[in-house]
Amino acid sequence: MQISKRLKAVADMVTPGCRLADIGTDHAYIPIYLAQAEKISSAVAMDVNRGPLERAQEHIHSALLESVIETRLSDGLCALQPGEADDIVIAGMGGPLTVRILQEGESKLQKGCRLILQPQSDIREVRAYLEKTGCRIIREEIVCEEGKFYPMMKAVVGALEKKDAYDRECGEKGGDSDCQDDHEAGLRYGALLIERCHPVLREYLLREQILNRRILASLEGQTGENAAVRRQEVVYGLRIIENILKKYGGQDEDWKNTGET
């Protein structure tokens, strides 16, 4: 089966030989792709809507994979049994919905199981939730497809103490601003992507830099508390972006010289 670049990147994060649960499976492309490649032992393809689930069943039947992939009507993780899946994929949903599914299904998430998440929005909120609940991000990826950027991550449930490795580390430094900036950069853009100087992350950051500069320019001359708060937010965001770009060894200079502001 041929799947999109985004879905393939998500599928590539799945642990070989695992029992997979695909939440919001839609057409069941990810479990079918992995089953055909013999990269999973079994899968449960789940969706909250009957229409997508029926399409998934048709595709699974056409691929002769009914013995490997089971379908279930489920709101989030509701129909999943604790310990039933080793890897859980939640891809293509907004960040708030992703967090809600994890919150409401917390009892289904056994320590050591792995979450593969590809939020379509509010990714900072997702990373912050993982940190708060003791999930350790062990892998991150970002791809660009048809002009859109798709960050994704793999996290292990219960691999960290809940909340506060960051609080301890920055507390020991007396609230050091560099530590706070690095932590915020990791929440917004992915600490592992930053560490790798991921080339697609650089493309994304350069685009965000341009957008934020335009917003800042549009705020010039505006008065009032709301404008001041927004200006402060944008300036801080630009500082975070520019600090990350410095790690690329000046590679952002060619973009700055294109005349874009």
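1. Let's begin with the sheet. Seven strands form an open sheet in the order β3-β2-β1-β4-β5-β7-β6, and the pairing is mixed. The edge positions belong to β3 (69-73) and β6 (136-145); each has a single partner strand, so one side of each is left without a neighbour in the sheet. On average, neighbouring strands of this sheet are turned by 15 degrees against each other, direction ignored. As a reminder, strands of a sheet pair through backbone hydrogen bonds, either parallel or antiparallel.

2. Please keep in mind that this is a predicted model. The average pLDDT of the protein is 91, and 90% of the residues score at least 70. Residues 252-261 are the stretch to treat with care: the pLDDT there is below 50, and beyond near neighbours in sequence this stretch has 13 contacts in the model.

3. Now the overall make-up. The secondary structure comes to 11 helices and seven strands. Of the 261 residues in the protein, 45% are buried. Among contacts with a separation of 6 or more, 69% are between residues 24 or more positions apart.

4. β5 and β7 (residues 148-156) run antiparallel and are joined by four bridges. Leu-115 has Ala-155 of β7 as its bridge partner. Helix α5 lies across β5, β6 and β7, and it runs at about 5 degrees to β7.

5. Next, helix α4. Which of the residues in α4 (residues 95-104) are buried? They are Gly-95, Thr-98, Val-99, Ile-101 and Leu-102. These residues cover an arc of only 160 degrees around the axis, which puts them on the same side of α4.

6. Arg-127 deserves a point of its own. This arginine is found in helix α5. Is Arg-127 buried or exposed? Its relative accessible area is 3%, so Arg-127 counts as buried, the cut-off being under 20%. The side chain of Arg-127 makes a polar contact of 2.9 Å with the side chain of Glu-140. A polar atom of the Arg-127 side chain also lies 2.9 Å from the backbone oxygen of Leu-187.

7. What else surrounds Arg-127? Leaving aside residues up to four places away in sequence, Arg-127 touches Ile-137, Glu-140, Pro-151, Met-153, Gly-186, Leu-187, Arg-188, Tyr-189 and Gly-190.

8. Helix α2 is another element to inspect. How many of the eight residues of α2 are buried? Six are, and the helix is mostly covered. The buried residues are Ile-30, Pro-31, Ile-32, Tyr-33, Leu-34 and Ala-35. They pack against α1 (5-12), β1, β2 (40-47), α3 (50-62), β3 and β4. After α2 comes Glu-38, which has a positive phi, near 55 degrees.

9. Finally, have a look at His-27, which sits in the loop between β1 and α2 (29-36). Its side chain makes a polar contact with the side chain of Arg-55 (3.4 Å). Not counting residues up to four places away in sequence, His-27 touches Ile-32, Arg-55, Ala-56 and His-59. One of these, Ile-32, is among the buried residues of α2. His-27 and Leu-53 are 26 residues apart in sequence, with 7.1 Å between their C-alpha atoms.

Conventions. Residues numbered from 1 in each chain as written. Predicted model: local features only at pLDDT ≥ 70, side-chain atom pairs only at ≥ 80, totals over all residues. Heavy atoms only, no water. Buried < 20%, exposed > 50% of the residue type's maximum accessible area, 1.4 Å probe, protein only. Helix = DSSP H or I, 4+ residues; strand = E, 2+ residues; numbered from the N terminus. Arc of directions from axis to C-beta. pLDDT = per-residue confidence, 0-100. Contact = heavy atoms within 4.5 Å. Polar contact = N/O pair within 3.5 Å; in protein donor to acceptor, adjacent residues only side chain to side chain. Pairing = 2+ DSSP bridges. Axes fitted to C-alpha atoms, helices over the stretch in contact; angles between N-to-C directions.
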